[in-house]
Amino acid sequence: MSFTRDLNRPRRALVALVAIAGLGLSACGQSTTDGTPTPDTEATSTASAGESPSTSPSPTATITPSTDLEAITVTEGDVPEVTIPAPWGIDETRTKVLVPGPEGGQVLTETSTVSLNYAGYNGRTGEVFDSSWERGAPTSFSLQEVVPGFTKGLTGQSVGSRVLIAMPSEDGYAQGNPNAGIEVGDSLVFVVDIISANFEEATGAPVEPAAELPVVDMASGTPELSAPSGEPPTELVVQPLVQGAGTATVSETSTIQVKYRSWVWATGELLEDAWRPQQGPLDSLIEGWKQGLAGLPTGTRVMLVVPPELAYPDGDAQTGLDAGQTLVYVIDILDATSAS
């Protein structure tokens, strides 16, 4: 997939997640939802999220590791504050749910991409060393790209929860991080609000599509489209195929994560095969996507029938698309995040 051409195209603006892993996100997010480096990137960049700790140092000798989180207090409110009886340490990564998410809500896996707010504290000093609340915007990252304690603490938690996580040095910065004031052996404490997470595929209630539309077959796990017949619609068609179960919805300012395929109505030819996670800002995409996806919840599978004036009225030489062609998209909306 190339991303060097006009960003007013889905295939150019949506970035494969395998590329995002190369950004080197380290402990608990070094970028905001729009990818802009946060002010403390330098302070936390010495322990890359993709790295495995090379050693397992014991907590500082003067600190007896706790076996629970009972001594830690967290205030209520939109921006919680954590009080730690420093110097303090923990024996292993432990988690406490402070505010549970909605019953039956989406549960994080170790491969989830999440949007959240958090604050991180050093157990030895009791002082905050990083906070998305202080930066004024949530952070998004994959749980495969952070230190082990963060992955352990959030896996199995529900979207909408507030969670307290404490981790020993070997699950955080095993070799320390002097720029962040973290020494070898320091336990870390985080309070986290889980805002949203991606789906791996459409999740929700099936929707019966209109009879005149092409039929989508998902038997192979990848959408196949019956050849369209008749004259194409002259207006944008938005036909949900699965009504998403996610709590987040797509807005005009969202960065979306999707899988999609597209076909040419006139020929039934497959034009784009992007049935793998892609992400990019909605406002950089074709008008048919901007109009068709806005307001839909995450987890939705949707068919868009896009007339040429809302897609590529002059065609696309690179893909061989002729001018004036109506396109059919099948899209799974995996996630949607917006800067606050």
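Me: Before we look at the cores, what is a nonpolar core here?
Reply: A nonpolar core is a set of buried Ala, Val, Leu, Ile, Met, Phe, Trp, Tyr and Cys residues joined through side-chain atoms within 4.5 Å. Please note that the structure is a predicted model.

Me: Understood. How many residues has the largest nonpolar core, and which have the most contacts inside it?
Reply: The largest nonpolar core has 25 residues. Those with the most contacts inside it are I256, W289, L293, L304, L327, Y329 and I331.

Me: Take L304. What does L304 touch, not counting residues up to four places away in sequence?
Reply: L304 touches V237 and V238, then G288, W289, G292 and L293, and finally L327, V328, Y329 and I331.

Me: And the second, separate core: how many residues, and which does it include?
Reply: The second core has 23 residues and includes Y118, V159, I165 and F190.

Me: Changing topic to aromatics. How many aromatic pairs are there?
Reply: The count comes to 8 aromatic pairs. In one of them, the ring centres of F129 and F190 are 5.9 Å apart and the planes stand at 80 degrees, so this pair is edge-to-face.

Me: Why does that pair tie together separate parts of the sequence?
Reply: F129 lies in strand β6 (residues 128–131) and F190 in strand β9 (residues 188–197), so the pair ties together parts that are 61 residues apart in sequence.

Me: Are F129 and F190 buried or exposed?
Reply: F129 counts as buried because its relative accessibility is 16%, under the 20% cut-off. F190 is buried as well, with a relative accessible area of 1%.

Me: What about the rings of Y260 and W289?
Reply: Their centres are 5.1 Å apart and their planes are at 85 degrees, so the pair is edge-to-face. The pair links distant parts of the chain, with Y260 in strand β14 and W289 in helix α6, 29 residues apart. Y260 is buried at 0% relative accessible area, and W289 is buried with a value of 0%.

Me: Which residues do ring pairs link into a cluster?
Reply: The cluster consists of Y118, F129, F141, F150 and F190.

Me: Where is S132, and is it buried or exposed?
Reply: S132 is in helix α4 (residues 132–135). S132 is buried, with a relative accessible area of 0%.

Me: What lies 2.8 Å from a polar atom of its side chain?
Reply: That is the backbone nitrogen of Y118. Leaving aside neighbours within four places in sequence, S132 is in contact with L116, N117, Y118, A137 and T139.

Me: Now Q239. Which strand is Q239 in, and what does it touch?
Reply: Q239 lies in strand β13 (residues 237–244) and is buried, with a relative accessible area of 11%. Not counting residues up to four places away in sequence, Q239 touches V207, E208, P209, A210, L213, R301, V302 and M303. A polar atom of the Q239 side chain lies 3.3 Å from the backbone nitrogen of A210.

Me: And G149, where is it found?
Reply: G149 is found in helix α5 (residues 148–154) and counts as buried at 0% relative accessibility. Apart from neighbours within four places in sequence, its contacts are T93, I165, M167 and D171. The C-alpha atoms of G149 and P168 are separated by 7.9 Å, with the two residues 19 apart along the chain.

Me: Last topic, the whole chain. How many helices and strands, and what percentage of residues count as buried?
Reply: The protein chain has 6 helices and 17 strands. Of its 340 residues, 52% count as buried. Of the contacts with a separation of 6 or more, 75% are between residues 24 or more positions apart. The accessible surface comes to about 14700 Å², of which 50% belongs to carbon and sulfur atoms.

How values were computed
Residues are numbered from 1 along each chain as its sequence is written. This is a predicted model: local features need pLDDT of at least 70, side-chain atom pairs count only at pLDDT 80 or more; totals for chains, interfaces and linings use all residues. Side-chain values use heavy atoms; hydrogens and water are left out. Buried means under 20% relative accessible area, exposed over 50%, partly exposed in between (1.4 Å probe, protein chains only). Contact means heavy atoms within 4.5 Å. Helices (H or I, at least four residues) and strands (E, at least two) are DSSP runs, numbered from the N terminus. A polar contact is a pair of N or O atoms within 3.5 Å; within protein, one must be able to donate a hydrogen and the other to accept it, and residues adjacent in sequence count only if both atoms are side-chain atoms. Rings of Phe, Tyr and Trp (its six-membered ring) pair if their centres lie within 6.5 Å; planes under 30 degrees apart count as stacked, over 60 as edge-to-face and the rest as tilted. Accessible areas come from the Shrake-Rupley method with a 1.4 Å probe; for residues, only the protein chains shown count as cover.
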